[in-house]
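Please keep the sequence and the structure in view while reading.

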Amino acid sequence: MGELMVVRQKDLAGLAKNVAEFAKNHQPKNRAFLLFLDGELGGGKTTFTKHLAKAFGIAQKVLSPTFVLIHEYDIERSGYAKMIHVDAYRLESKTDFKSLRLGDYLTAKQNIIVIEWASRMARWLPKSDLAIRFTHKSSQERILEFSRLLNAGKKISKK
Ligand SMILES: Nc1ncnc2c1ncn2[C@@H]1O[C@H](COP(=O)(O)OP(=O)(O)OP(=O)(O)O)[C@@H](O)[C@H]1O
Ligand SMILES: [Mg+2]
């Protein structure tokens, strides 16, 4: 079971930290961590990915991978070594999918692979470790639907 959140721009940095923490705590042993981002056009997938890069301490500027469908960033202080950012919006066929050559990225355990419009290629991918669906609530707010509870199992201090 997942959870729903209403999120504004100012909430994104904190939320990205939580997601980075979740990825660190759920790092797969023999393969990459897969984060699927789906939902409405302009829902905030790229913006969220930029905040996630910051949360992982990535110094490089995160570009929108719309024309080049895939970008790779180095992570320095984490159990992860690279963030791979993929945009499947323009993906039209299995041939397109194959030309991305995700295979090596998927088997490298120190990768976190973030895929915008993941549902367009999900049939050729393993199950995600976390999926987020972005929809508009208003011009200033988005609804994010998480496939998993981010803080599941964590005790919340009642001080
Ligand atoms: N949580 C948020 N609250 C309010 N506005 C947001 C939020 N996230 C993103 N935005 C704004 O929404 C617009 C679209 O964001 P973004 O490009 O990240 O969406 P996207 O889902 O990547 O779009 P696309 O479907 O084209 O890939 C930007 O102007 C961005 O600043
Ligand atoms: Mg985008």
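Which residues point one way from β2, and which the other way? Phe33, Leu35, Leu37 and Gly39 point one way, whereas Leu34, Phe36 and Asp38 point the other way. The model is predicted, and the points below are grouped by topic.

**Confidence**

- The protein has a mean pLDDT of 91, and 92% of its residues reach 70 or more.
- Confidence is highest in β2, at 98, and lowest in helix α3 (residues 94-99), at a mean of 92.
- Where pLDDT is low, the predicted coordinates should not be read in detail.

- A residue counts as buried here if 20 or more other C-beta atoms lie within 10 Å of its own.
- The residues pointing either way from β2 are all buried, Asp38 as well as Phe33.
- In a regular strand the side chains alternate between the two faces of the sheet.

**Partners of β2**

- Strand β5 (residues 111-116) pairs with β2 in the parallel sense, over 5 bridges.
- Within this pairing, Leu35 stands opposite Val114 in β5.
- Strand β6 (residues 130-138) also runs parallel to β2, and 5 bridges join the two strands.
- Gly39 has Phe134 as its bridge partner in β6.

- Pro28 is found in the loop between α1 (12-25) and β2.
- Is Pro28 buried, partly exposed or exposed? Pro28 has 13 other C-beta atoms within 10 Å and is therefore partly exposed.
- Leaving aside neighbours within four places in sequence, Pro28 is in contact with Phe33, Lys109 and Asp129.
- Pro28 and Gln110 are 82 residues apart along the chain, yet their C-alpha atoms are separated by 8.8 Å.

**The shell around ligand 1**

- Which residues come nearest to ligand 1? Of the 16 residues around the ligand, these are Gly42, Gly44, Lys45, Thr46 and Thr47.
- Both α2 (45-55) and β7 (141-146) supply at least two residues of the shell around ligand 1.
- The largest share of this shell, 3 residues, comes from α2.
- By residue type, the shell around ligand 1 divides into 4 nonpolar, 7 polar and 5 charged residues.

Conventions. Residues numbered from 1 in each chain as written. Chains lettered and ligands numbered in written order. Predicted model: local features only at pLDDT ≥ 70, side-chain atom pairs only at ≥ 80, totals over all residues. Near = placed C-beta within 6 Å. Helix = DSSP H or I, 4+ residues; strand = E, 2+ residues; numbered from the N terminus. Nonpolar A, V, L, I, M, F, W, Y, C, P; charged D, E, K, R; others polar. Buried ≥ 20, exposed ≤ 12 C-beta atoms within 10 Å, placed from the backbone. Pairing = 2+ DSSP bridges. Contact = placed C-beta atoms within 7 Å. pLDDT = per-residue confidence, 0-100.
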